[in-house]
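Trainee: I have a model open and would like to talk it through with you. Could we start with the contacts and then move on to the aromatic rings?

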Amino acid sequence: MRIKIINTLCLGLVLAGFLTGCSTTQKVTSSARTATEQLLISEAVMRSVATASDFSLPIPQGSVVKLDMFGISGDKDLVKGVVVGWLGQQGYIAQDESATYLINVIVDSLGTEYSNTFFGVPPIAATLIPIALPKLSFYEADSQTGYARFHLDIFEMPSGRFVGTTPPFIADTHFNMHTVLFLFKFQRTDLASPPSTGSFTNLVR
């Protein structure tokens, strides 16, 4: 009976060591945002103006405009840079001096959403023996979505007369990482050139 117990414990230790040895630990980022998250946000902003080619501003082409930014996101400067480029493509001049129109860029929403789907064994902390088991994912999906929405309010200068507003500029992006049978990973994304974090399979878009 004692030998059977010892054999069972040894088998359990070997199995735990094997599972622990097969686990992988990856440091996500050492910066404020991962490169993937930055791309999700920036590409969402750029796509929002790319889909607005049929927008027409209620002011003459060639007008000099001044931009003011409003919103709670810390990434408003990114939106401003993209909007300045878009206005230039539409035939407007963005500068503060000699501006005849003021454009308030209202950033309604700019950021990422994250969700996780997990099927497997959660990490187990040992109590009786000094061995802990890592998380074992039979299937896991980490889903990230980038979203951008903003609009432009236009005023005449120096009178401050309200001229008009644009429909919202809206776009989203996604980056999903799937894990199957503990170690096999693959990605699904609509980002143009996402960073590769290393996996057993090639990138799938």
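Predicted model: local features only at pLDDT ≥ 70, side-chain atom pairs only at ≥ 80, totals over all residues.

Trainee: How many aromatic pairs does a search of the whole structure find, and how is the pair of tryptophan 86 and phenylalanine 169 classed?

Mentor: The search finds three aromatic pairs. In the pair you name, the ring centres of tryptophan 86 and phenylalanine 169 are 5.4 Å apart. Planes over 60 degrees apart count as edge-to-face; the planes here stand at 85 degrees, so this pair is edge-to-face.

Trainee: Which helix and which strand does that pair link?

Mentor: Tryptophan 86 and phenylalanine 169 are 83 residues apart, so to speak distant parts of the chain. Both tryptophan 86 and phenylalanine 169 are buried. The elements linked are helix H3 (residues 76–89) and strand S6 (residues 169–180).

Trainee: Is phenylalanine 162 buried or partly exposed?

Mentor: Phenylalanine 162 pairs edge-to-face with phenylalanine 155, with centres 5.4 Å apart and planes at 65 degrees. Buried would need under 20% relative accessible area, and exposed over 50%. At 44% relative accessibility, phenylalanine 162 is partly exposed.

Definitions and conventions. Residues numbered from 1 in each chain as written. Heavy atoms only, no water. Phe/Tyr/Trp six-rings, centres within 6.5 Å; stacked < 30°, edge-to-face > 60°. Helix = DSSP H or I, 4+ residues; strand = E, 2+ residues; numbered from the N terminus. Buried < 20%, exposed > 50% of the residue type's maximum accessible area, 1.4 Å probe, protein only.
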